[in-house]
Amino acid sequence: MTRLLDIGLEKLRTMLLEMADLSETTVSTAIGLYSDQTNTPDEIFTRSEELRVLQDEISDLAVELLARFGPVASDLRHIKSYLEISYDLSRLGRYAYDISQVFGVFGDLSHCDTRAVEKSGKQAKKMIRVGIKAFMEADVDLAKTLRDMDNVVDNLYLEHVKKIAKEPGAGTDLRCTVAATLILRYIERIADHATYIGESVLYIMTGKRAVRT
Amino acid sequence: MSTIPAIDVQDLNIYYDKFQAIKSVSLKIPPNQVSAIIGPSGCGKSTLLRSFNRMNDLIPNARTQGKVLLKGESIYDGDVDVTDIRRRIGMVFQKPNPFPKSVFDNVAFGPRINGSKRNLGEVVEQALKQAALWEEVKGILKKNALELSGGQQQRLCIARALAVEPEILLMDEPCSALDPIATSRIEELIRSLKANYTIVIVTHNMQQAARVSDLTSVMMVGDSREGYLAEHGSTKRIFTNPRDSRTEDYIRGKIG
């Protein structure tokens, strides 16, 4: 027999997957502004607001389930993690909007060297997909791979910053350098939140918290 | 804090005739903690609780094997004074059961039959204060206890148990006959009493166990309907991350 709580948990899961789809495309669109400026920061802002509204709806339903059913054990861990993952996905939308604002301020950046940003963005988008897949399939091993993937994004950002620190005037175009710094930083944060989704999967399945180093 | 358990259950087996109600339970109840025993109907929660002060002795054909140590001393040895055991380990039952006597006489009953030389008025007042009932009854001590509300009657029974200065208080579904407000009062009382007493509570209300206890023991029913201990640990861990799949299913409402 289906428990009444299960109906609510399934609804939460469906809402979270809707958020996952929306956040993934929003991040992808924002990073793609380098080469395709069809979408505007306003459109990306609208999507990030949709994500925030979905996060509020998940939060409301989660609190209702807590109040109605007093869930425990893995039910409780699921609800706690749904709240945390919805926050992570909402932050993806916000960082996507931050990226889009860089293009709004700096305008056309198509002449800039985009290799680091493209590499970092590609890795971050892959991490979002992996995080969501690990969540959908309750795959702890897959979730654990996110930590190493995150190191790649971290290093790309760090190398970029170190390069600027070492040779402040090395860039041919200061606009390109500043824009890349900002975007790499936002992507680095996006990758962190994808990693946190993996940590939530670990918590749901094992009850253990990931140790952050 | 003492390292000796208040109650140490070692390989306990309890039978009613040929039926085994409890199988191989080993469990340590630490002092000055609230320990909850939960589990589905028929798993032997109450039988286990009653074994802690030999209340099962009153049931015909009940037979106990194994050991129950009260602060290191076996309570089932032949030379043990059962009356003394029951004074040291008080009990509160599911349904409030005050005697048809005055509020005062209910609380004074135990000290009187134990020949207490203490001032009875002081003993009654202290017990009623500990049971958080004094303010409500101090002006009606001569009133018949049966005229009190259900929640007041249950706190009176707790006061009656406390009046003989027990070391341990056993509670068998103490709130199942009470409304939510009375239940809340009893739960607050349980939390406050653990400073001075070791408390063991049997409850089928898992949220109550989660609210009031420090430790939780989960009993289950085996293939031959025997009760056994599936898991024991801190209440926080049991209710957030149980190790045993049977515990997980039971507390999530999947079985039972």
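**Side chains and rings**

Modeller: A:Thr29 is found in helix α1 of chain A, residues 4–31, helices being DSSP runs of H or I with at least four residues, numbered from the N terminus. This is a predicted model, where local features need pLDDT of at least 70 and side-chain atom pairs count only at pLDDT 80 or more, while totals for chains, interfaces and linings use all residues. Residues are numbered from 1 along each chain as its sequence is written, chains are lettered from A and ligands numbered from 1 in the order in which they are written, and side-chain values use heavy atoms, with hydrogens and water left out.

Biologist: Is A:Thr29 buried or exposed?
Modeller: A:Thr29 is buried, at a relative accessible area of 16% (buried means under 20%, exposed over 50%, partly exposed in between, with a 1.4 Å probe and protein chains only).

Biologist: OK, rings now: how many aromatic pairs over all chains?
Modeller: Four, where rings of Phe, Tyr and Trp (its six-membered ring) pair if their centres lie within 6.5 Å, and planes under 30 degrees apart count as stacked, over 60 as edge-to-face and the rest as tilted. Among them is the tilted pair of A:Phe45 and A:Tyr97, at 4.9 Å centre to centre and 55° between the planes.

Biologist: Which helices hold A:Phe45 and A:Tyr97?
Modeller: A:Phe45 lies in helix α2 (residues 41–69) and A:Tyr97 in helix α3 (residues 73–106), both of chain A, so the pair ties together parts 52 residues apart in sequence. A:Phe45 is partly exposed at 32% relative accessibility, whereas A:Tyr97 is buried at 12%.

Technical notes: Helix = DSSP H or I, 4+ residues; strand = E, 2+ residues; numbered from the N terminus.
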